[in-house]
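Visitor: Hi, could you walk me through this one? I'd like to go chain by chain and then look at the ligand.

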Amino acid sequence: MTIVKEQDVVPFRNRVKEYAVKMGMSLVNQTKLITAASELVRNLLKYGKGGNVKIEVINQGRDNGIRLTFVDQGPGIENIELAMKDGYSTGKSMGLGLPGTKRLVSEFNIQSSVGKGTTVTIIKWKNG
Amino acid sequence: MKNEAVKILQKKKKTILEQWSTNQLASDGLRDDLISNEDQLAQSDELLTVFLNALTDDNIEDPASYDFEKVIDILSGISISRAKQGFSSRETGVYIFSLKDALLTVLQQEIQDPTMLYSQSLKINKLLDNLTVITFETFIKGREEVILRQTDEISEISTPVIRVWDGVLALPIIGTLDSSRTQIVMENLLQEIVETGSSIAILDISGVPAVDSLVAQHLIKTVSATRLMGAECIISGIRPEIAQTVVHLGIDLSQIITKSTLSSALKTAFQMMQLQVVKKQREKVSFSKI
Ligand SMILES: Nc1ncnc2c1ncn2[C@@H]1O[C@H](COP(=O)(O)OP(=O)(O)O)[C@@H](O)[C@H]1O
Ligand SMILES: [Mg+2]
């Protein structure tokens, strides 16, 4: 899915929810995943000037889960360690998006290079 | 004699219009509940006249020609107004397709040479296909305008401020609390506080699907603004899964009075106003009267 404007956020979140419900994810995990997705898609819009998101269903052993990938070609993040700190923000907001998202999901991966863009991948296991 | 079609079509305008009307009457795209037959005929007549006047030996092969600008203007107007009147895309499509049929029917009646008929039909086809694409594009644009207008209306009406008690306001928030919504909610709320002289506002978020850090920031801002007005703000309708998520995100709502339901928020409001709701005790009342 391409995300270029604020109006794209809600349809994207609804898609994530559809997948989570279909998989039979618990309400708490659904809410955590949707909230994490919401944080990352907002970062992609606000800092990355829009980009692409991918929703995948994945399996590992007996558990299955949802993997979300957020790709933008924005300015990138200079200091990832700093960006992952609670309360750090260059956008006058709460600075909880990245660190909070990491706490909400099972797996969290961020890659970024200055001038090229940022890619964030998260996984939420159904029972994780 | 390069493009016979141009002359033929211009000469046969009346036949084409009749044929077109017949085609429309025969199709299921006719909506005489939305537009009268006379209006439709006048519309068709205008469009056809302008189209045939614009058609020349050269531009018949050039759908992008500037000569068709006026045709496109009229067609776009028709298409947009149909989108707003509630015509379906099929009905709008049939309108222009049945014009194409009429043009081709006339060509078939008038041109004997099969090669000529084929080449001329092909050109008319291409030309009309282009007009059809434009029709659909503008139709969708018309629909998008309708959607945008509705979006505005929804965000206006979906943030009511309810006076639940003397001095107590309640705001049920339904849907996503984005920046523009927050602005409306805040304005409505502060306005009502002034008008009613209320001292407590309850913001109910049972209808908000997810509370991320942006929504939380908006809520905190609204609470601060309410306090600046000298009133207190209670947030209710925090579902268990939302509470867990907010905590994991790391959002600190400890400075805000939060309640799980609207009724418990109302109870707290009563306490703050030193009001008490008591059950009427019938017997005692009648007793004391005696
Ligand atoms: N996709 C991105 N592209 C560039 N910078 C980003 C991106 N996502 C996050 N950042 C940087 O990381 C910081 C922290 O992000 P986040 O934790 O979501 O907090 P906030 O969004 O409140 O600023 C941001 O202020 C921004 O500087
Ligand atoms: Mg953020």
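This is a predicted model: local features need pLDDT of at least 70, side-chain atom pairs count only at pLDDT 80 or more; totals for chains, interfaces and linings use all residues.

Guide: Residues are numbered from 1 along each chain as its sequence is written, while chains are lettered from A and ligands numbered from 1 in the order in which they are written.

Visitor: Thanks. How many helices and strands does chain A have?

Guide: Chain A has four helices and five strands, and its pattern along the sequence reads β-α-α-β-β-α-α-β-β. Helices (H or I, at least four residues) and strands (E, at least two) are DSSP runs, numbered from the N terminus.

Visitor: In what order do the five strands sit in the sheet?

Guide: The order in chain A is β1-β2-β3-β5-β4, in an open sheet with antiparallel pairing. Two strands pair if DSSP finds at least two bridges between them.

Visitor: And which strands stand at the edges?

Guide: Those are β1 (2–3) and β4 (107–113) of chain A; each has a single partner strand, so one side of each is left without a neighbour in the sheet. For β4(A), seven antiparallel bridges join it to β5 (residues 117–125) of chain A, and N109(A) stands opposite T121(A) in β5(A).

Visitor: Which strands does α2(A) touch?

Guide: α2(A) packs on the sheet and touches β1, β2 (51–60), β3 (63–72) and β5 of chain A. The direction of α2(A) makes about 10 degrees with that of β3(A). Here axes are lines fitted to C-alpha atoms, for helices over the stretch in contact, and angles run from 0 to 180 degrees between N-to-C directions. Two residues are in contact if their C-beta atoms, placed from the backbone, lie within 7 Å.

Visitor: OK, switching topic. How many residues does each chain bring to the contact?

Guide: Chain A brings 21 residues and chain B brings 16 residues. On the side of chain A that touches chain B, α1 (9–23), α2 (27–46) and α4 (97–104) of chain A each supply at least two residues, and α2(A) gives the most, with nine residues.

Visitor: What classes of residue are on that side of chain A?

Guide: The side of chain A that touches chain B has eight nonpolar, six polar and seven charged residues. Ala, Val, Leu, Ile, Met, Phe, Trp, Tyr, Cys and Pro count as nonpolar, Asp, Glu, Lys and Arg as charged, and the others, Gly among them, as polar.

Visitor: Now the ligand. Which residues come nearest to ligand 1?

Guide: N43(A), Y47(A), S89(A), S93(A) and G97(A) come nearest, out of the 24 residues around ligand 1. A residue is near a molecule or strand if its C-beta atom, placed from the backbone, lies within 6 Å of it. Residues from chains A and B surround ligand 1, so the site is shared between chains. Both α2 and α4 of chain A give two or more residues to the shell, which divides into ten nonpolar, twelve polar and two charged residues.

Visitor: Nice. What about chain B: how many helices and strands?

Guide: Chain B has eleven helices and five strands, and buried residues make up 29% of its 290 residues.

Visitor: How does β3(B) pair with β2(B)?

Guide: β2 (residues 168–174) and β3(B) pair in the parallel sense over six bridges, with L171(B) opposite L203(B). β3(B) also runs parallel to β4 (residues 232–236) of chain B, joined by five bridges. Strand β3 (residues 200–207) of chain B has six of its eight residues buried.

Visitor: Last one: is I16(B) buried or exposed?

Guide: I16(B) is buried, with 23 other C-beta atoms within 10 Å. I16(B) lies in α2 (residues 13–26) of chain B. The C-alpha atoms of I16(B) and V106(B), 90 residues apart along the chain, are separated by 6.7 Å. By contrast, E137(B) is exposed, with 12 other C-beta atoms within 10 Å.

Technical notes:
A residue is buried if 20 or more other C-beta atoms lie within 10 Å of its own, exposed if 12 or fewer, and partly exposed in between; C-beta atoms are placed from the backbone.
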